[in-house]
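The report that follows is meant for a reader who is meeting this structure for the first time. Please keep the sequence and the model at hand while reading.

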Amino acid sequence: MKTFIRRFSILLMLLMCLSSGVRYFVKAEVLTDTNLNDVVAIDVDCSAVGMAMLELDSGRLIMQKNKDKRLPMASTTKIMTAITVIEHTKSLDKTVVIPDEAVGVEGSSIYLQRGEELSIRDLLYGLMLQSGNDCAVALAIITGGSVENFAEMMNTLAAQIGANNTHFVNPHGLHDDSHYTTAYDLALISAYAMKNPVFAEIVGTKVHKTTWKDHDYGRVIVNKNKIISIFEGGNGIKTGFTKKAGRCLVSSAQRDGKTVICVVLNCGPMFEECSRLMNLAFKSLVMSDIICTNVSICQVKVENGKEDFVDVGLESIVNYPLSEDEAKRLEFKFDLPEEVSAPVKKGERIGKINIYLDNRLLFSEDLFTINSVERKTFWDWLKGE
């Protein structure tokens, strides 16, 4: 009966924390053996052949349609091109000579000229804002020595990110049957890239100006991604199109402490669909502090202590994007000893809390003592304390 009362009190306190208006977000370590994508990802009806939406910080899959279907991705390829270049370049402001192979590349272009000199940073803006295929080839050769070597660098990074259904053969996305991804893999890659501040700054820029060889005026590079202009909170990231891939878009937006990444592959009304789906996500999800730090969430009995109980809590906040209904369905299970012996020091690991949603384990976090309890002395016993 005492155990039931204690657990009921803990659950009541945790539910009060969830409904108190505190921000619902956590810096907890997610279990590596838990597939959080199993947690209520909405199957959406949309015009895209493949679609996936992630919450950036937690990595939670929010919505999907054919998320694991292998598809061509056109110029959204350049997301991986850019982050690969950024991670392998010591100075983005280094000036480089444009390789001959990059001049006159098929498709979208910023019209690089033979012998022209630009910085790596300028080429990245040309790559991501105006989708320059010539920039893609230039960056691949400068960074990897050849297009082929650079594609292997892209594949290596994709594997590290966990994009296991993706294969790159070029840096620009012009069609090749062996060049493919999935909506979910592309969302993973995009979320990874958006956590890099240099990448995020570039894709969130509306206009960038550079020099232009043999011209009396400079280049004006305009971002083709309308999401950053038409959608509240829009901050990235890349459009794409080929006849075989159709219209493709990876979009990103931030509102009220949460950032979502939306991928649509082969989607005619790509801007409209991404806008509709991201609005739906922002309305339905709350970034929640599931449990706060420095708060006693339960107590453990102390044998031979000057106090009968020691308070137990977490060292870090546990946060996760949840709908209001999901927050009500959370379950908290504790793995704690019935009692411990004094003395007890503040900060001692004492057990674990396991947090479930619909019988799926979201987090398993260590619990620590948040105060000290001294051992009773002989004089304490004599005084009857």
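## A residue to begin with

Because its relative accessibility is 24%, Ala-200 counts as partly exposed, where buried means under 20% relative accessible area, exposed over 50% and partly exposed in between, with a 1.4 Å probe and protein chains only. Ala-200 is found in helix α7, residues 197–203; helices (H or I, at least four residues) and strands (E, at least two) are DSSP runs, numbered from the N terminus. Not counting residues up to four places away in sequence, Ala-200 touches Met-194 and Asn-235, a contact being heavy atoms within 4.5 Å. The C-alpha atoms of Ala-200 and Asn-235 are separated by 7.8 Å, although the two residues are 35 apart along the chain.

## Basis of the model

This is a predicted model, in which local features need pLDDT of at least 70 and side-chain atom pairs count only at pLDDT 80 or more, while totals for chains, interfaces and linings use all residues. Residues are numbered from 1 along each chain as its sequence is written, and side-chain values use heavy atoms, with hydrogens and water left out.

## The chain as a whole

The secondary structure of the chain comes to 11 helices and 18 strands, and buried residues make up 54% of its 385 residues. Among the contacts in the chain with a separation of 6 or more, 65% are between residues 24 or more positions apart. The chain exposes about 17,900 Å², of which carbon and sulfur atoms supply 50%; these accessible areas come from the Shrake-Rupley method with a 1.4 Å probe, and for residues only the protein chains shown count as cover.

## Nonpolar cores and an enclosed helix

The largest nonpolar core has 63 residues, and those with the most contacts inside it are Ile-79, Met-80, Leu-123, Leu-124, Met-128 and Phe-199. Such a core is a set of buried Ala, Val, Leu, Ile, Met, Phe, Trp, Tyr and Cys residues joined through side-chain atoms within 4.5 Å.

Leaving aside residues up to four places away in sequence, Met-128 touches a set of residues including Ile-79, Ala-82, Phe-199 and Ile-237. Helix α2 (residues 78–87) is largely enclosed by the rest of the structure, because nine of its 10 residues are buried; among these buried residues are Lys-78, Ile-79, Met-80 and Ala-82.

## Aromatic pairs

Rings of Phe, Tyr and Trp (its six-membered ring) pair if their centres lie within 6.5 Å, and planes under 30 degrees apart count as stacked, over 60 as edge-to-face and the rest as tilted. By this rule the count comes to two aromatic pairs. Trp-212 and Tyr-217 form an edge-to-face pair, with 6.0 Å centre to centre and 85 degrees between the planes. Tyr-217 has 53% relative accessibility and so counts as exposed.

The rings of Phe-231 and Phe-282 have their centres 6.4 Å apart and their planes at 25 degrees, so this pair is stacked. Because Phe-231 lies in the loop between α8 (227–230) and β8 (234–242) and Phe-282 in helix α9 (residues 270–284), the pair ties together parts that are 51 residues apart in sequence. Both Phe-231 and Phe-282 are buried.

## Strands around β9

Two strands pair if DSSP finds at least two bridges between them. Strands β8 and β9 run antiparallel and are joined by eight bridges, with a hairpin of three residues leading from β8 to β9; here Thr-242 stands opposite Gly-246 in β9. Strand β9 (residues 246–255) is largely enclosed by the rest of the structure, because eight of its 10 residues are buried.

With strand β10 (residues 258–265), β9 pairs in the antiparallel sense over seven bridges, and Leu-249 stands opposite Val-264 in β10. The hairpin of β9 and β10 has two residues between the strands, and in it Asp-256 takes a positive phi near 50 degrees.

## A six-stranded sheet

An open sheet of six strands, with mixed pairing, has the order β15-β17-β18-β13-β12-β16. Its edge strands, β15 (330–335) and β16 (339–341), each pair on one side only. Within this sheet, strand β12 (residues 298–303) runs antiparallel to β13 and is joined to it by four bridges, and Gln-299 stands opposite Asp-311 in β13. Strands β13 (residues 309–313) and β18 (residues 360–369) pair in the antiparallel sense over two bridges, and Val-312 stands opposite Thr-369 in β18.
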